[in-house]
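Subject: Structure handover

Hello,

I am passing on the structure below. Please look it over; my notes on the ligand follow.

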Amino acid sequence: MRRLTDEQVDRIARMLAQQAGGQPAAMAGAGAVLPRPAAGTPLRNLPAGGYVAAPVAAHPATAPIVPGGDGVFSTVDECVMAATIAFHALSEATLAQRHEIVAAIRESLLREGDRLAKMAWEETGLGRYEHKRIKNRLVTEKTPGPESLIPQTTTGDHGLTLMEWAPFGVIGAITPTTNPTSTIICNTIGMVSAGNSVAFNVHPGAVQCSMETVRLINRAVVSAGGPQNLVTAVGRPTIESAGELMHHDGINLLVVTGGPGVVKAAMQSGKRSVSAGPGNPPAVVDETADIAKAAKDLVYGAGFDNNIICVDEKEVFVVAEVADSLITALRREGAYLVDQAQMRRLEKEIFSENRGPRAHSVINKELVGKDAAVILERIGVTGVGDVPLIIAEVPEDHPLVWTEQLMPVLPIVRVADVHRAIDLAREAEHGFGHSASMHSRNIDALSRMARVANTSIFVKNGPIVAGLGAGGEGHTSFTIASPTGEGLTYPVSFSRRRRCVMVDHFRIV
Ligand code: NAD
């Protein structure tokens, strides 16, 4: 763990005291007035509450960004320094206190999650408000806490060995515009549960809702007696500040959630990274499937938050024998089927660059995350009401099959048999190893798909969001790290393994 120099301690304490309006710093929670630490104060002697960065006044939802409040800072350096002090304070806390801090975060976000969902929806213009509410509630309730850090013991003639989960220190986290508030909530609960502090560089298109989330989290931490600035964020994030965070000396682990660019940059940074990248999840439907159920799941899954979630179904391969009945069932569930002429017009709208057969084309950013009705309007289809999903039958080499579209337009490919469907699903997924689903009652075919797809999430007979714990069993995560192998991240993903050995004593058996 990086230790701050005396000069750095002095600088950060001065900066934080200044931001508190020149008032002596107060210990969080207790309200006690404390003098600024003298240069050279060992970090372990800093107060558990840290030093107040700014008044903990209520911020209205529309408040402008004021760097320096409740964890929000102007520069990457300030974020990392304040988070470093908070990390050391947290290290002094008991495990029971860590549980209390996480419980306070959950309690606050359960109260405020809907408001944050509205902010995220209004600010980014992506997805659906009602689905953003579900996402915030899901991460608040189902992201595992400190209880998931289960130590392991080995005993024998030579004593006892304990395998513990230890924190990394300060985590640099980069978050997407598609799930801005839910990723911050999920990352925070997982990372703080593991004893870390976090410095966030969020997507520039989702700043207001992200800063509000960071402020609420810090207030909750402090209300539980935890340190100020346990979670920090750059008030005006850019790609450059993301790069700075990736290379900052004070960052002990990088956790990035986004498209191929940020994953590549993190993996080239020279730091250890937990990298959650893009997906293009295929769904296979075979002749043994419950077609009515498959259609219901596909409309829900592919339409969820207008398809901007990385796990949402992005293309369907259906065995020819049941293709017509699947399309009929999808329409019954409310999906709008475009004909070939409409599809040709749609292609011009949804791609800003159509790179042709089997190519990952460039999507038109204007239509990312927009409602199906808005997309249909672009091709002159109006008065269709609140359509959850557009569907189109396309040949297997159509670029929509091979492109992560992030909009509610689902291509459907008719194939000869289930083996062809599985092989195409694997190819269309591009080897991301992210997510896939299959609707079938054929155990052999399901097993083959699970093995061939080899994705972090494989859902059988349900929408893929069920793999996030939404309508399926298990914990949730909004950082699914397929390139680096952690899969659905949780506190263990943000922990170091530490072996503690007592020789020749404490043998249990
Ligand atoms: P994005 O890649 O445009 O941005 C993600 C974050 O990375 C942002 O904060 C952005 O500022 C930053 N960033 C982008 N390029 C960077 C670079 N070269 N250097 C440093 N930082 C950089 O993605 P987005 O549009 O916000 O989100 C959608 C993408 O993220 C989709 O591809 C989706 O599949 C993926 N995603 C994956 C997961 C997962 O868990 N695997 C979760 C959510 C989103």
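How many residues surround the ligand, and which are the closest? There are 28, and the closest are Thr-175, Thr-177, Gly-277, Glu-404 and Ile-480; a residue counts if one of its heavy atoms lies within 4 Å of the ligand.

This is a predicted model, in which local features need pLDDT of at least 70, side-chain atom pairs count only at pLDDT 80 or more, and totals for chains, interfaces and linings use all residues. Residues are numbered from 1 along each chain as its sequence is written, and side-chain values use heavy atoms, with hydrogens and water left out.

The shell around the ligand holds 14 nonpolar residues, 13 polar and one charged (Ala, Val, Leu, Ile, Met, Phe, Trp, Tyr, Cys and Pro are nonpolar; Asp, Glu, Lys and Arg are charged; the others, Gly among them, are polar). Domain 1 (6-277) and domain 2 (282-472) each give at least three residues to this shell, with bounds from an automatic or database domain assignment.

Regards
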